[in-house]
Amino acid sequence: MGRKNLFFCWLFILGSVLTPNAKSSLFDLGYTLTDPLPLFYKINLSTYSLYGPPPKWLHFPDILPESQEKQAIVEIPSEDPCGDDQQELPTEDILDDLSPESLKQKMVSNLDNLSQQLNRRDGTKLVLVFDLDNSLISSTDTIQKLFSLDQHTATDLQQDWLNQLADFTSSHSEKFIVIYNTSRSIPKIRRQNGKQSNYPIDLQSLSTRSSANNPMVSFQEKANDSSVESSYAIPRPDVLISSHGLNIEFTLEHDEHTHQITQINEGLMSFYREDHPKHKDTCTQRGLVDVDGASIKWNSGENYCILTPLISSPIQFSANHLQQPDPTHVFSAVVKPDNVIKESYIQSITLNKGTSLRIVTQLLIEMSHLQTGRFLIVTVGDSHLDLPMLRPDLEAKAAGKISQAAVDQREQAVSGLLGGNSAADLLAHHWLLSINTDPDNIPQDLNSYTRAVFDHKKIITLPYKQRGLPFVIENIVESLSSDE
């Protein structure tokens, strides 16, 4: 008999003879969940865990928010665990069959389940809002590493998922609105500022993979630290929001609204021109993070900046870093475990992914593509820049503390764009779910404000081994099922 079996034999005996009080004391040594936990771990460990599935004889309950904490209970199997013929428990980091073919089939199965859920909600539309990089598409090298694939197989796998999504949404167009909400910049910003643009897609130019019933557009994966960079065909969206909320494009029929959309884009550009000098001043005031020599990185449209302190000059995070830097911008400090600021995002209160998503939603209602009370919104993102759309009930307030005066000013601006038809709580009423696709990013931020914002029952984080579209769809199905 191995040491492991002997240990669990004694555990079985103790579980049989201890009184309830004694058992409670035993659990107090290590099984009572009393401390606030990293947000990433708010997953059902009975289904999966960070390092692989728990053995069948061990059950963990869902880890709940602090206000709903409960004890974890170890269930002892009815079989005698002390037998010499007991099998050694598997230790591989495997959830189930994760071969490319099984992962393709998983997408088929989850889309079928999604169809069944929507069929039960006659007349209800699902609004799918995707960030592009590492959200709609996981980085190719991530898929390679997670599922032990070569680059070609990893690209083929993701392309199959995208093809399936395109087929599904186009054949069920009466049930879906697909929106891409990206921070990649638009061509007009590149031309005005002479900057290099990494514009994601051309909505008018269909991919060679397109068919009459399956329209797709070409997409070039954003270069990162990895040498892997792939091209994909992605479903043509109904709406594209680009340059971090600055530009809106529709592929849906909107002839009678063409002038209104043009005016809204001109209004957004006007906000940008007025906002940019203030934004530049804010981002170059390095005293904002109490350090000299911090590097400043702008997106190509200069619609937000990332402030990164020099490694030699660590910044200790304090309550001062939760304050609004100026009346028009919001400051998001990313904090490491040693309470040092890793980087800081500074973005506009008016021009961001959350505000523009609300504008688009209001337009879709006016175009009769959506009916109030008859649609549900799911947002999918991976970074702090996505917080205003991952918390559509808060929008800009999700990125950091802002004054009520700033909120009121933003509302006045948005209402002016929409001719007075802006409802601040529009998205909150229709919000079903938000999915964070990167467990290494937002959940690891120790900024108390960010953690409070992210600690919401409608936000879930995909675990490491569940990256990719099939798992996004799976969580949407589960949320629809529990929302019935």
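Colleagues, the structure before you is a predicted model, in which local features need pLDDT of at least 70 and side-chain atom pairs count only at pLDDT 80 or more, whereas totals for chains, interfaces and linings use all residues. Residues are numbered from 1 along each chain as its sequence is written, and side-chain values use heavy atoms, with hydrogens and water left out.

First, the chain as a whole. It holds 13 helices and 13 strands; helices here are DSSP runs of H or I with at least four residues, strands are runs of E with at least two, and both are numbered from the N terminus. Of its 484 residues, 52% count as buried, a term that means under 20% relative accessible area, with exposed being over 50% and partly exposed lying in between, for a 1.4 Å probe and protein chains only. Among contacts with a separation of 6 or more, 70% come from residues 24 or more positions apart, a contact being heavy atoms within 4.5 Å.

Let me return to β11, residues 375–381. Seven of its seven residues are buried, so this strand is largely enclosed by the rest of the structure. In a regular strand the side chains alternate between the two faces of the sheet. In β11 both faces are covered: Phe375, Ile377, Thr379 and Gly381 lie on one side, and Leu376, Val378 and Val380 on the other. Strand β1, residues 125–130, runs parallel to β11 and is joined to it by six bridges; two strands pair if DSSP finds at least two bridges between them. Strand β12, residues 431–436, also pairs with β11 in the parallel sense, over five bridges, and there Gly381 stands opposite Asn436.

Finally, two backbone angles. Most residues other than glycine have a negative phi. Ser148, in the loop between α4 and α5, has a positive phi near 55°. Ser243, in the loop between β5 and β6, has a positive phi of about 55°. Which of these counts as exposed? Ser148 does, at 66% relative accessibility, whereas Ser243 is buried at 0%.
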